[in-house]
Amino acid sequence: MYLLFDVGGTSTRIAVSYDKKTILEPQVFETPREFNKGIKVFEKFLADLGNPKITAVCGGVPGPLDKTKSTITHAPNLSGWNNKPLKSELEKLSKAPVYLENDAALGALGEATSGAGAGKFIVAYLTIGTGVGGARIVHGKIDANALGFEPGHQFICFESGRDLESYIGGIAIEKNYGKKPTEVKDPKVWEDISRWLAYGLVNTTVHWSPEIIILGGSVMKMMPIERVRFHFKNLLKIFENPPEVALSKLGDQVGLYGALAFLNQL
């Protein structure tokens with residue numbers, strides 16, 4: 001049995017695969033703010049399964065990892081998990097090797113191998129949820145990197161020092177407009193957010209040179225994708241054939257598919 005998980009700033013999904021091909025229906029939990037309570041979620045999940053023999057564990061976390069990919073170093077929306085022994089605690093629980101990756105990187109891998117980017121050579125993936133993350137996939141694998149990928153922290157307005165996440169992330173939308181993204185009904189607000197996202201996609205394109213940009217995350221459920229494409233096309237003048245901008249096909253399970261793909265590449 002293989003244990004797969006996706007820890008997000010708001011929700012945590014845990015699932016299992018018996019054959020490294022299919023994923024059983026995941027269980028969804030509210031992500032605890034405290035690390036020890038988060039470990040208890042995994043402990044209960046395994047206990048409910050009868051503490052089965054686990055072959056390997058893989059999952060994503062909402063922030064960059066240290067060099068050994070053992071601990072989260074800076075999760076802005078989950079600070080209680082920062083610098084805590086996540087890998088070693090999960091290894092104690094599962095009695096199996098544990099592989100950690102950034103959640104957006106695994107989401108990108110899932111979309112590139114089983115979703116909207118399947119068959120593409122270079123895939124860029126951005127997830128717009130509580131915050132904004134993303135990664136670059138080349139030849140069906142997470143691209144080599146020294147520090148991890150954090151496209152949500154690209155600067156959009158240099159004068160104010162504001163990054164992309166501060167304009168389009170779920171927490172930022174609530175702060176900027178006084179409403180949760182699901183409560184924002186004003187088309188003008190979404191027009192502005194779509195334009196800010198398009199700026200980020202232009203930067204992503206000129207740096208990463210993808211064939212396709214895939215957009216996922218909870219905020220994209222409200223985002224007018226055609227307006228994003230409109231602004232993106234009008235802003236990106238340098239390339240005759242700009243990359244396709246597509247929505248995620250795997251939805252909320254994208255990170256789990258990425259975790260499974262990761263295990264299959266070991």
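This is a predicted model: local features need pLDDT of at least 70, side-chain atom pairs count only at pLDDT 80 or more; totals for chains, interfaces and linings use all residues.
Exposed here means over 50% relative accessible area, buried means under 20%, and partly exposed lies in between.

**Stop 1: helix 7.** Select residues 225-235, which make up helix 7, and show the side chains of Glu226 and Arg229. They are three residues apart, about one turn of the helix. Glu226 and Arg229 form a salt bridge, with the closest N and O atoms 2.6 Å apart. Glu226 has 52% relative accessibility and therefore counts as exposed. Arg229, at 27%, counts as partly exposed.

**Stop 2: other salt bridges.** The structure holds 13 salt bridges. Side chains of opposite charge can pair when their charged atoms come close.

Select Asp143 and Arg136 next. Their closest N and O atoms are 2.6 Å apart, in a salt bridge. Which of the classes, buried or exposed or partly exposed, does Arg136 fall into? Its relative accessibility is 16%, so Arg136 counts as buried. Asp143 has a relative accessible area of 21% and is therefore partly exposed.

Move to Glu34 and Lys37, whose side chains meet in a salt bridge at 3.7 Å, N to O. Glu34 is partly exposed because its relative accessibility is 47%. Lys37, with a relative accessible area of 48%, is partly exposed.

Then select Arg13, Lys221 and Asp252 together. These residues are linked in a network of salt bridges.

Stop 3: Val206 sits in helix 6, residues 187-208. At 44% relative accessibility, Val206 counts as partly exposed.

**Stop 4: helix 8.** Select residues 254-264, helix 8. How many of the 11 residues of this helix are buried? Nine are, and helix 8 is mostly covered. The buried residues are Val254, Gly255, Leu256, Gly258, Ala259, Leu260, Ala261, Phe262 and Leu263. Helix 8 also supplies at least two residues of the lining of the largest pocket, which is the next selection.

**Stop 5: the largest pocket.** Rolling a probe the size of a water molecule over the atoms shows where empty space is left. The largest pocket has a volume of about 1,100 Å³. To centre the view, select Thr127, Gly129, Thr130, Gly217 and Ser218, which lie nearest the centre of this pocket among its 49 lining residues.

The strands are strand 2 (11-17), strand 6 (122-128), strand 7 (132-138) and strand 11 (212-216). The helices are helix 3 (103-114), helix 5 (170-177) and helix 8 (254-264). Colouring the lining by residue class gives 16 nonpolar, 24 polar and nine charged residues.

**Stop 6: the second largest pocket.** This pocket has a volume of about 300 Å³. It is lined by 18 residues, and Leu65, Lys69, Asn145, Leu147 and Gly148 are the closest to its centre. The lining of the second largest pocket divides into seven nonpolar, six polar and five charged residues.

Definitions and conventions:
Residues are numbered from 1 along each chain as its sequence is written. Side-chain values use heavy atoms; hydrogens and water are left out. On a 1 Å grid over the protein atoms alone, a cavity is a set of points where a 1.4 Å probe fits but cannot get out, and a pocket is an open set with protein on both sides within 12 Å along at least five of seven lines; lining residues have an atom within 4 Å of a point. Grid points are joined across faces, edges and corners, and a volume is the space filled by probe spheres set on the points. Helices (H or I, at least four residues) and strands (E, at least two) are DSSP runs, numbered from the N terminus. Ala, Val, Leu, Ile, Met, Phe, Trp, Tyr, Cys and Pro count as nonpolar, Asp, Glu, Lys and Arg as charged, and the others, Gly among them, as polar. Buried means under 20% relative accessible area, exposed over 50%, partly exposed in between (1.4 Å probe, protein chains only). A salt bridge is a side-chain nitrogen of Lys or Arg within 4 Å of a carboxyl oxygen of Asp or Glu.
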